Amino acid sequence: MAAIIMSNLPALVVVVPLLLAPIAAVTAAPRFAWMIALVGVASAFVAALLLQSLTTTMGRISYHLGNWEPPWGIEFVVDSATSLTLVVMSGLAFLATLYARGSLAAEINHKDLGKCYAAWLLACGGLFGLVTTGDAFNLFVFLEISALSSVILISMGAGTDRRALTAGFNYLIIGAVGATFYVIGVGFIYALTGTLNIADLAVRLGEIGGGAALYTGFGFMIAGILVKAAVFPVHVWLPAAYGYAPSAVSSLLAAIATKAALYILARLLFTLFAGVPAITDLALTYVIVPLSIAGIFGGTLMAIYEKDIKLLLAHSSVAQIGYIALGFGLASKASVAASFIHIGNHALIKGGLFMAVGGFVAALGRRATLNSITGIGRRMPITASAFFLCGLSLAGLPLTAGFVSKLYLVRAILSQDAYVIAALVLVSSALSIVYLWKIVEVMWMQPAPANAPHLDENPAIYAPLWIVGIANIWFGVDAGWLVAAARAAAAAVMGGGL
Amino acid sequence: MLMQLTEIWNYLIVILLMMIGLFLVISRTNLVKKLVGLSIFQTSVFLFYITLGKVAGGTAPILTETADTIYSNPLPHVLILTAIVVGVATTALGLALILRINEAFGSIEEDEILAVKIEASATETLNTDTSPAPAKPKKSGDSV
Amino acid sequence: MMTPETALLVGILAPLVVAVLTPFLAVRNLWRDAAGPLGGVVTFVAALHVALAVRAGETPRLFVAQIADGLAIEFAVTPLGAIFGLVASGLWILAALYSVGYMRGNHEKHQTRFAAFYAVAVHAAMAIAWSGNLLVLFVFYEILTFSTYPLVTHKESQAARDAGRLYMSILVGTSIVLLLPAVVWVWMATGDLAFRSGGILAGAIDPQMVPFLLALFAFGVGKAALMPMHRWLPAAMVAPTPVSALLHAVAVVKAGVFTILTVVVYVFGLDFLTGTGASSWLVWLASFTILASSFVAITKDDIKARLAYSTISQLSYIVLGAAIATSIAAQGAALHIVMHAAGKITLFFCAGAIYVQTHLTKISELDGQGRDMPWVFAAFFIGALSIIGIPPAGGSWSKFMLMVGAVDAELYIVLAVLGLSSLLNIYYLLEPLSRGFFRPKVKMVVVESHPLVVIPPVVTALLSLFLFFYVDLFADLAAMMVTP
């Protein structure tokens, strides 16, 4: 039994959540639906951890779906980079699911919870599959599974704010356009090579080396993934989507959805198109790097002027995605490793921040804005201090996870002598303190409204929140594992092998 | 020149449909029309793949008894079936959302929805009020 | 008794324990108010142990955690660190007593929050003093900034909040944009961030880049108030005076100049700096800051504002000593950390005592008040002597050594700067005294006597005198700092 599980781990990570989804959909009692979701995500997390330990010893694991040999059959490939991303994603999904029990109940209609958890499982399963698959078209399928279920999850926010509906619709349209771009790109490279297996494609595209069809395909594929990864300027769907979704959904998606797309971006640039440096170098230097810097500043500046807390955090996410994309864009082992470190740390940071805001929303019963959370530091000390902790991590204060990412990113940038970029990164980092401090001032320095009712803090909400908060400190003090795993991931991605 | 055009006219149709679809998505304010544009855009991709799969002189990729039959490439057909399913799901989800948006905002025109949002954001509660909004009186000459 | 390592742990943790316990002790005002001074005594005893161990040649160490390659959280006491640790903990005792008297005398609100964050700030200062490498120093430097924010904005008025914003913007902005890349640069050049006698940068970095790295440190350490990063200091005067005493004598500014001096001595290395001449620009900038802020101080009528600009000036004495980078100048800088701390805290204590007892804040209002507050004004006189650098006040030693160091390096203009600065100090520091004793009263106020705000300044004034005669411990530690 154990042997069967171990030998099918790559598939189980994806399949278990997907299979449990319809069961959750037909479950009437929300409590059971939640438990099913928890089981699904927890098993994926366990599988991911096992895979992580396997990849450190075995290197690249190739799993043939249906026992069909690649490149004719679809294969799932797990190497150090995949396993690190899977661990981060499934870990945060697990914590978000723990958190969702208290938070979703406060924001979503009781009778919709079963279907919500079904969509939750579909989204998780789809995202895990996105990362694991080794086939270019299968990637599109998982992309769409995760996108459509994310749209459902986001639109569930209409229970508290109807703007979630238009946010979900916009995400649907923009996401579908992006995914279709990706498919067009796949069409071009399929026409050139006749294969869809990523490893095989890398070899054959390298042999072809160039040409209009290849460049066009490349352009479409990258453009499509950039939409999903919310890189500036095609990030416009993200602020509203994360801002109006239910808090648990924002926490989940902010932590894992864009990370998966960024991982795919790295895989495309460094593995699939590794044999065509002419076009990848061009894209990295003239497209990815400038766009990521624009995203960093655009997101930070929008966050500074934003009054609604969840929208603020969403804009901040755009900036953080910019940091990760910048690390990929600089294309050295050190900078790619720094990006992987930040993939891990930002998932903790943003996941925690959205969880805390969800706690505010659940207690207040209305949206969290700079006006509505005055004095909440004293009224909800447990949640507010966790928010502060994750906020310090976001700003990159030492002894927090965010500091470790920033340290390694700045070091990687400086070792390439890109002083201007380093200065920009540091300035934007200092700017992020501005919006953090605005929120801190409002939470603690301003008095609560006159007839404010007593606010209850729900342990179901703040317990997972504090686990994430402590993790922020833990990985800020003991970053050894993450740094080593990120370095292995960078070597796997850039070594050219999938 | 004309001969070359006729050889690639499938691709020209693909490009035409792709551009029409994208244009509709971007320029139309009516949500249903956006969805229609998306569908047209996705259809162009279907045509693209099927055209890729055509082998000169090839017939439908279904096994026949006669030997030496040339078949068109079946793989793009399979891919497109998948993509069609995805497109159907997307359209269905989009239409469901449009229904809910209509209930919540009273309109399916983007500019009207935006006006409603702006008006309501003056008092936060209106946007968070999720009971169905009263239906807007139809404008004369309103084409759906 | 206590091993040096235990003393190290106690010295760093005791303030933190006080901070954590304060909210619980607040059920009785007396308990809460006693916790600070008691904690201060414990910490000072630990710091004394550590300093004596260091003077005997040991280096107490404590390893806490390994973050990742080359980055560790560890503490190790250098001679300079021992000096700063003594200053921070010793003056905390007096500052804690004083703040009790001040806060009660002024009927201030939120005293528990105040006491708790006060203790955290001292904890951060002790951790900075005894940090084992640049990373730990940076970490606690940031913690110090954040923990002093609630203290600066204590009054919660609009002015306090604006001051708080300026405070955070300058200190956090400079530390992230300038200090952090400097630390990363050192990390990349040497693979290591530890402090070593003689510095770690010699040979690891292109000599032409040294001035730039030094500039990143000098401007990145906003707490040292080197112009133009000085604006936060006068703005922070909006805080209650115990905070100003803490900021300007004990924790924050001393942490800033301690950082610069540590970096100069233990990261760059004195010989490396003098050899490359990379710090000569800093000599001029520090001299400029000394004179410019002294001139501004003369124009200020508000007591605390004048003292703030005096502080900016005196801090640049220490930066100047570091920049001259000869052995004697560096020792003078290290000693000045001690002497200025004692002198300036006296002056601030006096300013606060005057405010508590008479609600006067302006120097022009002080005419004739000296006769009603003889002890306070006498303490002010001694503190002023120390700042001016006249024997028998302790400040004369450090100023003397700085002058000798300047001569050593053949920077005679610096001598003139120091001399001119002393003249300016005489003017703006003795003016309040002359007004207080030699002029008829302009404001009739009732003096409410509060012993708890009068005793500490008298004690620190006596300390300034004491330090003139018993400077050995500090002088020995300073000498150890510059010997390899």
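The crossing of H18(A) and H6(C) is right-handed, meaning that the near helix is turned clockwise from the far one by less than a right angle. This is a predicted model, with local features needing pLDDT of at least 70, side-chain atom pairs counting only at pLDDT 80 or more, and totals for chains, interfaces and linings using all residues. Residues are numbered from 1 along each chain as its sequence is written, chains are lettered from A and ligands numbered from 1 in the order in which they are written, and side-chain values use heavy atoms, leaving out hydrogens and water.

The two axes come within 10 Å and cross at roughly 150° (lines fitted to C-alpha atoms over the stretch in contact, angles from 0 to 180 degrees between N-to-C directions). So H18(A) runs roughly antiparallel to H6(C) (over 145 degrees). Here is who touches whom, with contact meaning heavy atoms within 4.5 Å:

| Helix | Residues in the contact |
|---|---|
| H18(A) | Leu426(A), Val427(A), Ser429(A), Ala430(A), Ile433(A), Trp437(A), Glu441(A), Met445(A) |
| H6(C) | Arg161(C), Arg165(C), Met168(C), Val172(C), Gly173(C), Ile176(C), Val177(C), Leu180(C), Pro181(C) |

That set splits into twelve nonpolar, two polar and three charged residues.

As for chain C, it has 19 helices and two strands (DSSP runs of H or I, at least four residues, and of E, at least two). Its radius of gyration is 21 Å, close to the 23 Å the globule rule gives for 484 residues, so chain C is as compact as a globular protein of that length (the radius is over C-alpha atoms; the rule is 2.2 Å times the number of residues to the power 0.38). Of those 484 residues, 65% are buried, that is, under 20% relative accessible area with a 1.4 Å probe, protein chains only.

How values were computed: Angles under 35 degrees count as roughly parallel, over 145 as roughly antiparallel, 65 to 115 as roughly perpendicular and the rest as oblique. Ala, Val, Leu, Ile, Met, Phe, Trp, Tyr, Cys and Pro count as nonpolar, Asp, Glu, Lys and Arg as charged, and the others, Gly among them, as polar. Buried means under 20% relative accessible area, exposed over 50%, partly exposed in between (1.4 Å probe, protein chains only).
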